[in-house]
Amino acid sequence: MAATELQCKGADQAFLNRISDQLLGGIAGIGIAMGMETGLFDVLITLGENPHTSQQIADTAGMKERYVREWLGCMAAADIIKFDATTETYWLPTNRSNIMELKAVALTAPTLYGGFFKVAECFRKDGPSGVPYNAYHKFDELMALTQGPFFRDQLVQKFIPSMPELHQQLINGLEVLDIGCGEGISTFAMARHFPKSKFYGVDLSQSALAKARDKEDEMGLSNVEFINADITQMPSDWTDKFDYLFMHFILHDLSYPTKALREMHRVLKPGGTLSVVESNTHSNLQENLDMQDRENILIEYIYSLLNCMPTSLYPGDGAAGFGAMWGREKAKEALEQANFRVVTVTEAYKEGVHLMCKKPMTG
Ligand SMILES: C[S@@+](CC[C@H](N)C(=O)[O-])C[C@H]1O[C@@H](n2cnc3c(N)ncnc32)[C@H](O)[C@@H]1O
């Protein structure tokens, strides 16, 4: 039977309408993200309810009028900004100025699209094994946007105090390694709060570390240091150096997690603490589908498919490709296999599960 005949027989129009709405929403989202990336929404928010021509808006923004006008057209068509045809003017109603709160969500799809066609090629049996991290333009910035609120508002206020003994020791002074620190937002938050402790941030990405070092100069903190290194091969003189290892959304991304865990075990002092924060998911699809926050599950699967899994698989032979959805059960198993004792597994926040581990005093 031809595909078209099949379509007519069992057509579920409500399903098609729902998917169509989702796809159209995605297209509008590209325009919204453009306004956030260029700063045009910020300009409209500054201009308030007063209607302005595209030339006035472009002049205020210091941008090319032709591009600004096309974008304004997109946003008027999406019913986000208002347009007055007689004066050819545009404005964003002030009660919509909260749109910038959605910046991280808006920039997710355009950032992930950096790898879209390359990932599609990876599906083919004779296609590439994965996609390099640098295919995703500004991925570090997206991470900073997405994880920033947790690092700023919860890390030292709630997350670390949930481990009272460690909290007190950090006040007194410990050596801490922030593994895969990216732009260093978590490293700075901890360093500012615990001035007697020393914080090292390690990451493979030179561009992320360059941003971290710029901020370091701005802040003038003396208890922070950033190191450009691969965590599967950390400096040889780091054996038993650290009291606390913090690792936020990294383990599932690694191409060689077993090697990394072996290194982490080496650099942590016996009796030391390791915090691994991973996606708040399970290793079993049905358990994920049964979770209340299905939106989060969908976003995590898309992240995993478009970025986490293909970047992990990129080196080819032997690369793990766990993906963001490998779940807490598999993460626990991997940590135990690496000789960490998993003490607790708790929800750190809506999107993150915390596996709090200890390195046994012996072995
Ligand atoms: C998903 S981001 C998470 C960044 C940050 N921890 C956060 O939660 O926002 C993963 C980070 O791990 C870093 N990374 C991946 N593999 C690494 C490796 N083998 N050694 C060091 N850093 C690595 C990447 O450069 C990136 O900054």
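On a 1 Å grid over the protein atoms alone, a pocket is an open set of points with protein on both sides within 12 Å along at least five of seven lines, and a molecule sits in a pocket if more than half of its atoms lie within 2 Å of its grid points. By that definition, the space taken by the ligand is the second largest pocket. This is a predicted model, in which local features need pLDDT of at least 70, side-chain atom pairs count only at pLDDT 80 or more, and totals for chains, interfaces and linings use all residues. Residues are numbered from 1 along each chain as its sequence is written, and side-chain values use heavy atoms, with hydrogens and water left out.

**Ligand shell**

- The ligand is surrounded by 17 residues, with G180, D203, D230, I231 and H248 the closest, a residue counting as near if one of its heavy atoms lies within 4 Å.
- Helix α8 (residues 139–153) supplies the largest share of this shell, 3 residues, helices being DSSP runs (H or I) of at least four residues, numbered from the N terminus.

**Polar contacts**

- In polar contacts (pairs of N or O atoms within 3.5 Å), a polar side-chain atom of D203 lies 2.5 Å from a ligand oxygen atom, and one of H248 lies 2.6 Å from an oxygen atom of the ligand.
- A backbone N or O atom of G180 lies 2.7 Å from a nitrogen atom of the ligand.

**Aromatic pairs**

- The whole structure holds 17 aromatic pairs, meaning Phe, Tyr or Trp rings (for Trp, the six-membered ring) with centres within 6.5 Å.
- F41 and W71 form an edge-to-face pair (planes over 60 degrees apart), at 5.0 Å centre to centre and 85° between the planes.

Technical notes:
A polar contact is a pair of N or O atoms within 3.5 Å; within protein, one must be able to donate a hydrogen and the other to accept it, and residues adjacent in sequence count only if both atoms are side-chain atoms. On a 1 Å grid over the protein atoms alone, a cavity is a set of points where a 1.4 Å probe fits but cannot get out, and a pocket is an open set with protein on both sides within 12 Å along at least five of seven lines; lining residues have an atom within 4 Å of a point. Helices (H or I, at least four residues) and strands (E, at least two) are DSSP runs, numbered from the N terminus. Rings of Phe, Tyr and Trp (its six-membered ring) pair if their centres lie within 6.5 Å; planes under 30 degrees apart count as stacked, over 60 as edge-to-face and the rest as tilted.
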